[in-house]
Amino acid sequence: MSDMVNHPEHYQMANGLETIDIIESVCAELTGIEAVCAGNVIKYVSRFKHKNGLEDLKKAEWYLHRLILAEEKKNGKENN
């Protein structure tokens, strides 16, 4: 039986690693919008095959674009 609250199957990797553990590790040194966007990119890419397919990839793309804009703004390169 799947535990959709604590261990949803669409966030489980074949080797037992969970998406939350990857996000926690990658985002440990990030703050604010950087952490939000990076975490969501990882979340949507990791689950796309098991949940919403192309929709999840487009969500990941949206968050990646926001992360890129934030980095460009931080580095004085505001390009739209």
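Predicted model: local features only at pLDDT ≥ 70, side-chain atom pairs only at ≥ 80, totals over all residues.

Reader: What percentage of the 80 residues in the protein chain is buried?

Author: Buried residues account for 25% of the 80. As for contacts with a separation of 6 or more, 33% of them involve residues 24 or more positions apart.

Reader: How does one describe two helices that pack together?

Author: Two packed helices are described by the angle between their axes and by the distance between those axes. Here, the axes of helix 2 (residues 32-47) and helix 3 (residues 54-74) come within 8 Å and cross at roughly 155°. Angles over 145 degrees count as roughly antiparallel, and helix 2 and helix 3 are therefore roughly antiparallel to each other. Their crossing is left-handed.

Reader: Which residues of helix 2 and helix 3 meet?

Author: On the side of helix 2 they include Ile33, Cys37, Val41, Tyr44 and Arg47; on the side of helix 3 they include Asp56, Tyr63, Leu67, Ala70 and Lys74. The residues of this contact divide into eleven nonpolar, one polar and seven charged.

Reader: Is alanine 70 buried, partly exposed or exposed?

Author: Alanine 70, which is found in helix 3, is partly exposed, with a relative accessible area of 22%. Between alanine 70 and cysteine 37 there are 33 residues of separation in sequence and 9.6 Å in space, C-alpha to C-alpha.

Reader: How should I read a pair of aromatic rings?

Author: Such a pair is described by the distance of the ring centres and the angle of the planes. The structure holds two aromatic pairs. In one, the rings of tyrosine 44 and tyrosine 63 have centres 6.0 Å apart and planes at 20°, so this pair is stacked. Tyrosine 44 lies in helix 2 and tyrosine 63 in helix 3, so the pair ties together parts that are 19 residues apart in sequence.

Reader: How are the rings of tryptophan 62 and tyrosine 63 arranged?

Author: Their centres are 4.9 Å apart and their planes stand at 80°, so the pair is edge-to-face. Tyr44, Trp62 and Tyr63 form one aromatic cluster.

Reader: What are the relative accessible areas of tyrosine 44 and tryptophan 62?

Author: Tyrosine 44 has a value of 10% and is buried, whereas tryptophan 62 has a value of 47% and is partly exposed.

Methods: Residues numbered from 1 in each chain as written. Heavy atoms only, no water. Axes fitted to C-alpha atoms, helices over the stretch in contact; angles between N-to-C directions. Helix = DSSP H or I, 4+ residues; strand = E, 2+ residues; numbered from the N terminus. Parallel < 35°, antiparallel > 145°, perpendicular 65-115°, else oblique. Left-handed = near helix turned anticlockwise from the far one by under 90°. Contact = heavy atoms within 4.5 Å. Nonpolar A, V, L, I, M, F, W, Y, C, P; charged D, E, K, R; others polar. Phe/Tyr/Trp six-rings, centres within 6.5 Å; stacked < 30°, edge-to-face > 60°. Buried < 20%, exposed > 50% of the residue type's maximum accessible area, 1.4 Å probe, protein only.
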